[in-house]
Amino acid sequence: MASSTWFVNLFSKVLYIPDTKDKGDYIVVLGGGIDEYSGSVEVGKHTLRRLYKGYLLYKSKPRKIVVTGGVVSKGIPEAFVMKDVLISFGVPEEDVIVEDKARNTFQNAQYTHSIIGDRPITLVTSVTHMKRSLLSFRKFFKEVYHIQSDVPLDFRNAFLDYIPTYRAFYTFCNIVYELVGILQYAIFKS
């Protein structure tokens, strides 16, 4: 069950929060991982989707974009890679603010606040990550608007959606990870 698309799609609904309007003075894009292999560094798929959504918001209403993400295990801060991607999309370097110290979602909020203060923000992250992110960012910001960047799974109610897949299992693991994170937040950071 945990690896079939129909079940995981249904299970993912516990984390879904409808998007708000984009009224932030700043766009804040949370890192979602970078891939490092044999000395090569690339933006991870979740991060790329978040950056693209942030870029679309920027195009419709230009303002500063904060990219936030430090070194999680080893290597370089993901915020530097994120900045390079936004510049390659055409965002001027002076419109990208880098926060490169955060190692978790709570620190993303804390360190972003220390850079820009309590200003209205539009938070960009994944559907499965948004609920936990809002718990953190609302501790530091009075006005948090939010736009989700990607869906957990592509469910089309077709035959193949009822057969177990690695992608559905991967998404199931991400959902469980987020639920554990929300529980941890409720216990230790309230």
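In what order do the five strands of the open sheet come?

Mentor: Quick caveats: this is a predicted model, where local features need pLDDT of at least 70, side-chain atom pairs count only at pLDDT 80 or more, and totals for chains, interfaces and linings use all residues. Residues are numbered from 1 along each chain as its sequence is written, and side-chain values use heavy atoms, with hydrogens and water left out.

Now, the order is β5-β4-β1-β6-β7, with parallel pairing (strands pair if DSSP finds at least two bridges between them; strands are DSSP E runs of at least two residues, helices H or I runs of at least four, numbered from the N terminus). β5 (96-99) and β7 (144-148) sit at the edges with a single partner strand each, so one side of each has no neighbour in the sheet. On average, neighbouring strands are turned by 25° against each other, direction ignored. At the β7 end, β6 (residues 121-125) pairs with β7 over five bridges, and Val 124 has Ile 147 as its bridge partner there.

As for packing, α3 touches β1, β4 and β5, and its direction makes about 145° with that of β4 (contact means heavy atoms within 4.5 Å; axes are lines fitted to C-alpha atoms, for helices over the stretch in contact, with angles from 0 to 180 degrees between N-to-C directions). Helix α4 (residues 105-116) lies across β1, β4, β5 and β6, at about 125° to β5.

Finally, zoom in on Thr 68, in strand β4. Thr 68 is buried, at 1% relative accessible area (buried is under 20%, exposed over 50%, partly exposed in between, with a 1.4 Å probe and protein chains only). Residues touching Thr 68 include Val 29, Met 82 and Asn 108.

Notes: Lists of a residue's contacts leave out its neighbours within four places in sequence.
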